[in-house]
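Subject: Structure for your review

Dear colleague,

Please find below the structure that I am handing over to you. I would be grateful if you could read the notes after it with the model open beside them.

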Amino acid sequence: MADSSEILAGLDRDQSIAVTAPAGPLCILAGAGTGKTRAITHRIAHRVRSGQVRGQHVLAVTFTARAAAEMRERLGKLGADGVQARTFHAAALRQVRYFAPRLFSGRDMPELLDSKARLVGLAATKAGLKTDREVSRDLASEIEWAKASLIEPDDYAAAAAKALREPPFDAALVAKVYAHYERAKRAQGMIDFEDMIRAAIWAVEEHPDVAEQVRAQYRHFVVDEYQDVNPMQQRLLEAWLGDRHDLTVVGDASQTIYSFTGASADYLVDFKRRHPDATVVRLTRDYRSTPQVVDLANAVISRARGELSRLRLELVGQRPAGPEPTVRTFADEPEEAAAVAARCAELIAAGTPAREIAVLFRVNAQSEVYQEALAEAGVPYVVHGTERFFERTEVREAMIALRSYRGEDEGGLVATVHAALARTGWMPGSPPAGGAQRERWEAVSALASLAEGMSTLTLDEFNTELQRRAAVQHVPTVEGVTLSSLHSAKGLEWDAVFLVGLTEGTLPVIHARTPDAVEEERRLLYVGVTRARHTLWLSHAAARTPGGRPRRPSRFVPTTTPPGSSGAARSSGAGAHGSGYPRRPLDKAAVAGKARRVMAVSCRVCGTGLVNGAERKLGRCATCPSDLDEDLLARLLDWRARLAAIQKVPAFVIFTDVTLSAIAERRPARREELAAIAGIGPRKLMLYGDDVIALVNGTSVDALARELD
């Protein structure tokens with residue numbers, strides 16, 4: 001258990017300032033990857049361990065159960081005993097349940113509505129609307145926005161017009177559905193999540209005895225992701241605080257992407273005005289991403305306009321240099337998806353775990369073509385943000401099988417879990433080739449993998465742990481490439497990130513018609529870029545379908561490095577021979593006090609610096625003359641096909657067509673020359689280097705095939 005001085009060890013200068021700031025209002029402006037969770041948990045632990053506050057008097061709130069669980073885990077390791085870390089909803093629910101007899105005339109708290117869909121559907125029917133699942137969902141979203149914004153049914157139409165909302169139906173009709181929904185809910189004696197937070201507000205604002213008890217319990221507050229609070233949550237926070245000011249908030253205005261739900265960054269922007277004596281600390285050292293990724297993130301957000309841009313942070317990368325981001329254009333979406341799937345397969349073959357790769361898109365409808373492409377390539381994937389892990393049918397069935405298993409196995413927990421899961425049809429080491437079946441297999445496998453890390457537990461203890469994790473949505477790691485919308489990806493990170501479908505009309509989405517809406521779309525791309533630790537790919541398709549109507553690339557993808565980005569030398573753009581994303585300078589630049597090397601690749605024909613990934617492999621501009629050895633390329637393709645059949649893998653997993661073309665052009669006679677071709681790393685060199693060199697030097701495919709057999 002760390003003492004107070006140990007808690008301060010390892011913090012950078014700005015984190016230390018945040019951790020040791022005096023009691024009172026503190027605003028931490030924390031960029032992506034700058035260690036905000038570390039800063040706030042260490043601040044809490046420092047104050048508790050140094051005797052400034054008691055852990056029981058601290059309430060830390062955030063927005064997801066996963067983030068709250070992570071905060072609790074870190075606080076536990078830091079010895080901050082007694083601190084409560086919860087979501088806004090969980091904190092409010094706990095208080096309302098405790099005070100229910102006083103709030104509801106001696107009765108227990110009314111039943112909490114899990115989903116609005118059924119009652120919204122009934123309300124829509126009463127309002128004269130025919131509904132389906134999509135319509136009910138859209139109406140429920142409008143009702144949630146109104147309630148989170150403290151707007152009553154009678155005020156909805158005017159408020160929606162003022163907020164420039166685009167409701168699914170005429171605003172007056174939506175208001176009518178909203179009113180019917182509220183009446184139906186009350187008639188059934190139920191409350192929804194927004195009612196529950198309102199009840200917590202009402203409990204403190206209207207009941208002095210409740211206010212006294214709550215404020216005696218919680219005296220110091222910490223709010224994570226403060227840019228995402230809505231008016232209802234802000235009012236609850238103010239009710240908790242009363243006239244006190246011991247409040248720490250942390251946020252990043254550049255990651256404000258939930259305005260459509262009622263979230264408002266105004267509270268973050270105005271924090272200093274509302275708390276004139278507040279301390280403001282900026283965290284800008286990015287420990288997540290390579291400097292190349294950080295440069296691109298800075299370039300995207302540097303063009304932001306509007307009120308929120310006043311709090312824009314320029315990040316400074318702290319990691320060693322990595323590869324330049326890849327920017328690519330494809331003829332159509334199927335071609336784009338196939339290329340992404342091929343690159344994912346390459347990364348996995350080169351040693352990147354599938355769980356450390358993500359494909360991110362603006363709207364969920366874009367997911368299907370990538371599911372098909374990944375399944376075709378035999379790459380496992382997981383669709384994130386659609387259905388909660390513990391609510392998946394196969395996971396529920398697996399947990400039932402685990403609870404009902406009565407067999408005894410001397411092999412311990414892992415063997416017992418495997419035996420129980422076998423009753424559901426799951427078998428270890430036997431994944432389906434791909435697609436939805438593979439996704440289901442990987443979900444159950446995640447439970448088996450969890451058992452491997454808890455091998456000292458009994459089966460009953462393991463089942464208890466699963467129930468605990470399900471209650472707080474502490475999801476185990478599932479092996480597969482993550483497919484996710486940009487909104488659902490916020491708060492997550494991967495080694496390799498593919499940002500796809502970056503076209504006008506998709507990002508920014510076509511209904512982003514106001515300046516504020518367009519700026520939110522820009523921030524959405526910024527969030528996507530900052531999810532990548534090492535490898536970043538941005539792409540768009542010139543048409544949705546083969547031969548379809550042409551589309552323009554997203555205006556948000558920079559074509560030059562703008563003034564003021566990342567502290568590195570500026571680039572004048574890619575010119576005629578590249579894709580135009582910001583490039584690192586070709587000299588040495590200091591990062592965290594250390595010089596870093598940047599690899600430059602120039603066209604071997606005309607000497608122009610190369611940016612595009614395919615051109616870097618070929619070692620020449622696409623427009624420069626090719627000296628491709630067609631006979632060698634044919635032999636390389638034949639060798640790859642035979643080897644792929646033997647290994648039972650897609651051919652591109654061995655080498656892509658572009659890589660084989662580069663070999664056939666450059667004809668490397670030694671392993672060192674082969675390694676100089678972009679994309680051929682140590683693993684590929686070890687596995688295939690001798691064969692390739694032999695083919696280049698004239699060995700026949702048949703001769704190599706005899707060795708392979």
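The protein chain has an average pLDDT of 84, and 86% of the residues score at least 70. Residues 560-600 call for caution, as pLDDT stays under 50 there; the model has 86 contacts beyond four places in sequence for this stretch. Where pLDDT is low, the predicted coordinates should not be read in detail.

An open sheet is formed by 6 strands, with parallel pairing and the order 3-2-6-7-1-8. Strand 3 (84-87) and strand 8 (279-283) are at the edges; each has a single partner strand, so one side of each is left without a neighbour in the sheet. On average, and with direction ignored, neighbouring strands of this sheet are turned by 15° against each other.

Helix 4 (residues 65-77) lies across both strand 2 and strand 3, and runs at about 170° to strand 3.

Helix 2 with helix 3

Helix 2 (residues 13-20) packs with helix 3 (residues 36-49) at an angle of about 40°, and their axes are 8 Å apart. The two helices are therefore oblique to each other, and their crossing is right-handed. Helix 2 contributes Gln15, Ala18, Val19 and Thr20 to the contact, while helix 3 contributes Arg38, Ala39, His42, Arg43 and His46. By type, the residues of this contact comprise 3 nonpolar, 4 polar and 2 charged.

Helix 15 with helix 23

The second contact joins helix 15 (residues 291-301) and helix 23 (residues 515-529), whose axes come within 9 Å and cross at roughly 175°. An angle over 145 degrees counts as roughly antiparallel, and helix 15 and helix 23 are therefore roughly antiparallel to each other. On the helix 15 side, the residues are Val293, Leu296, Ala297, Val300 and Ile301; they meet Arg522, Arg523, Leu525, Tyr526 and Val529 of helix 23. This contact of helix 15 with helix 23 has 8 nonpolar residues, no polar ones and 2 charged.

With kind regards

Conventions: Residues are numbered from 1 along each chain as its sequence is written. This is a predicted model: local features need pLDDT of at least 70, side-chain atom pairs count only at pLDDT 80 or more; totals for chains, interfaces and linings use all residues. Side-chain values use heavy atoms; hydrogens and water are left out. Two strands pair if DSSP finds at least two bridges between them. Helices (H or I, at least four residues) and strands (E, at least two) are DSSP runs, numbered from the N terminus. Axes are lines fitted to C-alpha atoms, for helices over the stretch in contact, and angles run from 0 to 180 degrees between N-to-C directions. Contact means heavy atoms within 4.5 Å. pLDDT is the predictor's confidence in each residue, from 0 to 100. Angles under 35 degrees count as roughly parallel, over 145 as roughly antiparallel, 65 to 115 as roughly perpendicular and the rest as oblique. A crossing is left-handed if the near helix is turned anticlockwise from the far one by less than a right angle, and right-handed if clockwise. Ala, Val, Leu, Ile, Met, Phe, Trp, Tyr, Cys and Pro count as nonpolar, Asp, Glu, Lys and Arg as charged, and the others, Gly among them, as polar.
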